[in-house]
Amino acid sequence: MIKTAFKALLSHWSRKPGQLLTLIIGLSLATALWSGVKAINAEANASYDQAAAMLGQDQLQQLVRADAETMDQQVYVALRRAGWLVSPVLEGEVKFGPVKLHLLGIDPLTMPPQAQNVTLAEGDDLAQFVASTGLIYSDPETAARLFGQQIPPLHIVKGIPPGTLITDIGQAQMLLKADSKISRLLVWKTQPQNLVPFNTVEPNLVLREPSQTSDFSRLTDSFHLNLTAFGYLAFIVGLFIVYSAIGLAFEQRRPLFRTLRALGLSLRVLILFLVAELLGMALVAGMIGVALGYVMAALLLPDVTATLRGLYGVDVSGTLTIRPSWWLAGLAIAVAGTLIASAQNVWQVWQMPILAPTQPKAWAAAAAHTRRWQAFVAIFLLLMSLALAKFSHGLFAGFAILGTMMLGAALALPILLAGVLRLAERIAKKPIAIWFWADTRQQLSGQSMALMALLLALATNVGVSTMVSSFRFTFIDYLDQRLASELYVSGRTEAEADAMRAWLATRSNAVLPIWSVDGKVADQPVQIFGLIDHETYRDNWPILSALPDVWDIVARGDGVLINEQLFRRENFKLGDTIDLTGGWQSRVSGIYSDYGNPVGQVIMSNKQLVAHFKDITKLRFGIRIRPEKATALAEDLRAQFELPAQNIVNQADLKRLSLGIFERTFTVTAALNVLTLGVAAIALFASLMTLAEMRLPQLAPIWAMGLTRSQLAWLEFWRSVMLAAFTMILALPVGLALAWILLSVVNVEAFGWRLPMYIFPANWLWLGILGLLTAALAAIFPVRRLARISPAELLKVFANER
Amino acid sequence: MLLSLRNIEKSYSSVEGPLEVLRGVSFDLDAGNSLALTGESGCGKSTLLHLVAGLDQPDSGHITLAGQNLTSLNDAARASLRRGTVGLMFQQFNLIPSLTVAANLAFHAQLSECHDVAWTTTIITKLGLLDLLARYPEQLSGGQQQRVAIGRTLAAKPLLVLADEPTGNLDEATGDAVLDLMLSMVKDAGSALIMATHSPRLAARLDRHLKLHAGQTSA
């Protein structure tokens, strides 16, 4: 009995292979998008953890200077003499050509065992490692980036975080131009007895506890949260497909359920069969989904890596490793999603009286009660979103505003659509029009899930594209302001730079030094720049807020400008005093926008910079000249000083390069946008196919009363397009609200700067066309089938054979 | 002559091969007359009604309705003829679930552009539907639904009414009452009627009676 009953239940799928395919596709896509994003995040997190564990930072205590400055090598010597088992580390940023990397200088002979993450320097290598020629260790990916650059001998090993180089501390001191300096001291876990306290040896030292998380992961949390949110959104959109397909399969098998029950199959066993069947499908679809997700992640990872490097200056491995954890997580989410999507139907079977009517229930029936609840929940969520926007702060609050707003809007959609359709029905005069609107309203409950999915996908598209376009618009404007000089020049030596500036004095309108040092403000790394007092800055610099006569204040040395990132991160106000590297202070006199820069920046007068940082490198400068003369001057300068091509950069080239980086940054977002819209299209298609099977009893009488099959098919087609059009119209304000939340709340929390919002109606038009095309494409197959249906099929409706 | 059928043949494909449903059926019907079609289940009564309505095409033979040869018309022309000339009544009532009783009643008449408000009011009164006009089909009993179906069919004043077991889903008392109403209303509308039924008792109430057996007719 049990075997026969199970076979009878499963036979449904062999009779309806299309339905099975829809279900598997829906679940696979949902799982693929979710697990793809999960894989990307897992890969990035693995890179961060690797960085966090580098040199045992996650296990070992460290000694650092209280002011976070470098310390003299003598401190290390004094501590060793006092019996302390410590090992010196020097770190900093090093540039080989255009490639900027993190350099770690270590002493392999004194390193604690916990710090030896990778096998460094054994045998002959050790001799070369500590030799004056040096040996640099890197992972294969970083080594590939250094191809063609002039570097010391390179040894490739696995286990070093991407973007990091390891070398002997002496070599590092040379490369970083930090003679006899060290950044920190790794403290061995076991120390000799009766040591003198370390601060009696060097009073400025503090002990830093081991850190379990890296700075990177804190910095990039928001970016990954963004991606995760996208992954869940796509998963929910995919679940709409699964819900539709499972709903139909249960509806169509309702008579079979009743028959099996009447023949003696217990309700418990029936439910068990149904759950087993669902789990089987979830596992198959889950495996396909995880495999697809892996492909998607592998394709998107290089762009994610570029984004993380561009936005945060963080290096992440660009190659994907198969991790058992996300295979398991992918299967688990597929099973959980299937159970969620089928819970209502399984519950209905559980509650179904044994003699329940066998006629498939019209989905529209029992909808009124659900709609009332839906309206209540939608209003509650939208009000909650408004309240959160008014009274809460922070990144999670931003996502909560976003989530409640999107979900509230999606739930409100069928109710608003029903209102619009009711109004249209009242206005209509012709019988077909009256029927069209009334019938569309009745179909809403069957299609509402797919339309909600479409609303979410379209609103996300409007929101994210508004954000990206606003970002792009602002960024181009910002580049015009920040890159005001026509040419940017780097001298190979300070003497050459001096000579070039002297040579240019009579050949250009102005020569503007671009000198900077790395420093710290509030224990955070910052770049400190010096500017000369020139109209270029007064006319162009993107000041957001400033004290009156700010440029005079800066020129006099009475204040500094800081970038928006530093201003927001440290909650500075205009007029606040800030402590600057080297133990001196200045006043915050202005704030300027600095899009795309992951670190804080301080600008002061050039005189002040040179006075406070005597060993500053004076190599770079900008040249102001009439744009049409820039190319000729660059050529003259190159010829005069025999400069390599890369030492003179044209403003236009620099802008093109910056824009290129910018565009790549948003490739992932654009790809996820398109994928989500694609999943929504499949959801729409699945729901239309589902409805097409259930629509014949409603369409056959109209056909019998004198409408042709092709007229009915066209009406069905326009119904889909019209519903998509209404959904698009409603998606517009939702998308704009989403853009506002992204720009004004999430962006500020995630990246540290706020962007003005620009609207681009041409984009909406394009997206509208795309939305309508999506609906038209989704409708075309079921509609074509209706247009070609045989009269015998329609006549079955009247013969009570269905 | 309103309707003429000559040598109508119709078969369907089945797993056992072609299934011959109608084999050389011929008969005529004058305007305003009524005809009962009887026979066992599956004898082809419904198929014959569907062919007369232009819902399906015979394999061979000719059907002339209101002067037009149905077999030579394309899909659109047959739909147009159906709209203006034929009224259909089904065992399952097949009302439009998304429209109210009032909109259901007016639907076919408006579609055929012969909506007569006075005649519709008469129908509503005679069929006792005044209190039900704002309701939806799902809110009506079987007898009420069939009264609405009769009203919808006759509101368009079709030349020919085709009724397929119109009381088959109702109990005998309700069925008799509904049939009385239908016959009287068909007469008022001046329409001809072909009714398929299992019941010889009901068939006896119509002008003529045609039996279908093994795809052929006998009087």
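Leu455(A) is in contact with Ala409(A), Ala410(A), Leu413(A), Thr727(A), Leu730(A), Ala731(A) and Val734(A), leaving aside its neighbours within four places in sequence. Two residues are in contact if their C-beta atoms, placed from the backbone, lie within 7 Å. The model is predicted: local features need pLDDT of at least 70, side-chain atom pairs count only at pLDDT 80 or more, and totals for chains, interfaces and linings use all residues. Residues are numbered from 1 along each chain as its sequence is written, and chains are lettered from A in the order in which they are written.

The largest nonpolar core has 204 residues. Val237(A), Ala453(A), Leu455(A) and Ala683(A) touch the most other members. Such a core is a set of buried Ala, Val, Leu, Ile, Met, Phe, Trp, Tyr and Cys residues joined through C-beta atoms within 7 Å. A residue is buried if 20 or more other C-beta atoms lie within 10 Å of its own, exposed if 12 or fewer, and partly exposed in between. Helix α14 (residues 431–482) of chain A gives the most to this core, with 22 residues. Helices (H or I, at least four residues) and strands (E, at least two) are DSSP runs, numbered from the N terminus. The core lies between domain 1 (1–53 + 228–359) and domain 3 (362–482 + 655–802) of chain A, because both give residues to it. Domain bounds come from an automatic or database domain assignment. Another core, of 29 residues, lies apart; Met71(A), Leu79(A), Ala172(A) and Phe198(A) are among its members.

Chain B has seven helices and 10 strands. Of its 219 residues, 49% count as buried. An open sheet of six strands runs in the order β6-β7-β8-β3-β9-β10 (chain B), with mixed pairing. Two strands pair if DSSP finds at least two bridges between them. β6 (86–89) and β10 (216–218) of chain B stand at the edges, each with a single partner strand, so one side of each has no neighbour in the sheet. Strand β9 (residues 208–213) of chain B pairs with β10(B) in the antiparallel sense over three bridges. Thr217(B), in β10(B), is the bridge partner of Leu212(B). Helix α1(B) packs on the sheet and touches β3 (34–38), β7 (160–164), β8 (192–196) and β9 of chain B.

At the interface, 30 residues of chain B are in contact with 22 residues of chain A. On the chain B side, α1 (45–52), α2 (75–85) and α3 (101–111) are the elements that give two or more residues.

Notes. Axes fitted to C-alpha atoms, helices over the stretch in contact; angles between N-to-C directions.
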